[in-house]
Amino acid sequence: MAEVSNSSLLSIGAGIPGIEDACVVVVRTEWNDAVVGALEAGCKTVLDKAGVNYRVITVPGAFEIPFGIRAYWDIHKYRDDRPHAFIALGCVLRGDTPHFEYVCRAVTDGILQLNMTLPVPTIFGVLTVDNQQQADERIGGKHGHKGEEAAITALKMIAVKKTFQ
């Protein structure tokens with residue numbers, strides 16, 4: 001099991017250079033709202049602390065996240081407020097049917113496709129867990145806070161991309 005302490009992801013020192021005037025769009029689900037709300041709160045805390053502009057878009061479920069991101073990009077790509085990164089937040093809990101595998105595969109493949117086709121990163125902040133305890137451990141428990149981690153990852157990817165210019 002991956003531990004937060006095994007990574008330097010959360011180490012941002014004096015801040016992340018190159019994120020001035022950045023815009024992040026968080027696309028979150030209605031489904032599993034308590035868990036996703038906690039992911040969103042952690043994400044917003046990091047973005048607020050960094051002074052980054054952001055917008056939150058809500059879609060019904062994890063399956064709809066890639067469409068929400070693509071549709072938002074298509075409308076905003078030539079505007080001054082176009083996003084520099086997207087963060088996908090959701091929670092898929094395993095049930096008694098194969099539905100879990102279908103939804104997890106679809107959202108994972110959809111986000112991968114977005115990362116390969118859009119000129120801005122899409123950060124995977126979707127929990128795919130077996131039970132509520134595992135979800136709780138990832139929203140401030142022993143496995144860290146995946147909403148905060150997703151926001152930090154987005155900011156770091158924005159900074160990385162700026163080094164390419």
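Modeller: Ile65, Pro66, Ile69 and Arg70 in helix 2 meet Val107, Gly110, Ile111, Leu114 and Thr117 in helix 3. Please keep in mind that this is a predicted model.

Biologist: What classes of residue make up the contact of helix 2 with helix 3?

Modeller: That contact has six nonpolar, two polar and one charged residues.

Biologist: And at what angle do helix 2 and helix 3 pack?

Modeller: The angle between helix 2 (residues 65-76) and helix 3 (residues 99-117) is about 25 degrees, and their axes are 8 Å apart. Angles under 35 degrees count as roughly parallel, so helix 2 is roughly parallel to helix 3.

Biologist: Turning to the rings, how many aromatic pairs are there?

Modeller: The count comes to one aromatic pair. The ring centres of Tyr72 and Phe86 are 6.1 Å apart and the planes stand at 85 degrees, so the pair is edge-to-face.

Biologist: Which parts does the pair tie together?

Modeller: Tyr72 lies in helix 2 and Phe86 in strand 3 (residues 85-93), so the pair links parts that are 14 residues apart in sequence.

Biologist: Is Tyr72 buried or exposed? And Phe86, buried or exposed?

Modeller: Tyr72 has a relative accessible area of 9% and is buried. Phe86 is buried as well, with a relative accessible area of 0%.

Biologist: How many bridges join strand 1 to strand 2?

Modeller: Seven bridges join strand 1 (residues 23-29) to strand 2, and the two run parallel. Val26 stands opposite Val56 in strand 2, and the bridge partner of Arg28 is Thr58, also in strand 2.

Biologist: How many residues of strand 1 are buried?

Modeller: Seven of its seven residues are buried, so strand 1 is mostly covered.

Biologist: Which way do the residues of strand 1 point?

Modeller: Cys23, Val25, Val27 and Thr29 point one way, Val24, Val26 and Arg28 point the other way, and all are buried. In a regular strand the side chains alternate between the two faces of the sheet.

Biologist: Changing topic, where is Ile139 found, and what does Ile139 touch?

Modeller: Ile139 is in strand 5 (residues 139-141). Not counting residues up to four places away in sequence, Ile139 touches Val35, Ala38, Leu39, Leu127, Gly144 and His145.

Biologist: How far apart are Ile139 and Leu39?

Modeller: They are 100 residues apart in sequence and 6.2 Å apart in space, C-alpha to C-alpha.

Biologist: Last one: is Glu137 buried or exposed?

Modeller: Glu137, found in helix 4 (residues 132-137), has 15% relative accessibility and counts as buried, because buried means under 20%. Glu137 touches Lys142, His143 and Gly144, not counting residues up to four places away in sequence.

How values were computed: Residues are numbered from 1 along each chain as its sequence is written. This is a predicted model: local features need pLDDT of at least 70, side-chain atom pairs count only at pLDDT 80 or more; totals for chains, interfaces and linings use all residues. Side-chain values use heavy atoms; hydrogens and water are left out. Axes are lines fitted to C-alpha atoms, for helices over the stretch in contact, and angles run from 0 to 180 degrees between N-to-C directions. Helices (H or I, at least four residues) and strands (E, at least two) are DSSP runs, numbered from the N terminus. Angles under 35 degrees count as roughly parallel, over 145 as roughly antiparallel, 65 to 115 as roughly perpendicular and the rest as oblique. Contact means heavy atoms within 4.5 Å. Ala, Val, Leu, Ile, Met, Phe, Trp, Tyr, Cys and Pro count as nonpolar, Asp, Glu, Lys and Arg as charged, and the others, Gly among them, as polar. Rings of Phe, Tyr and Trp (its six-membered ring) pair if their centres lie within 6.5 Å; planes under 30 degrees apart count as stacked, over 60 as edge-to-face and the rest as tilted. Buried means under 20% relative accessible area, exposed over 50%, partly exposed in between (1.4 Å probe, protein chains only). Two strands pair if DSSP finds at least two bridges between them.
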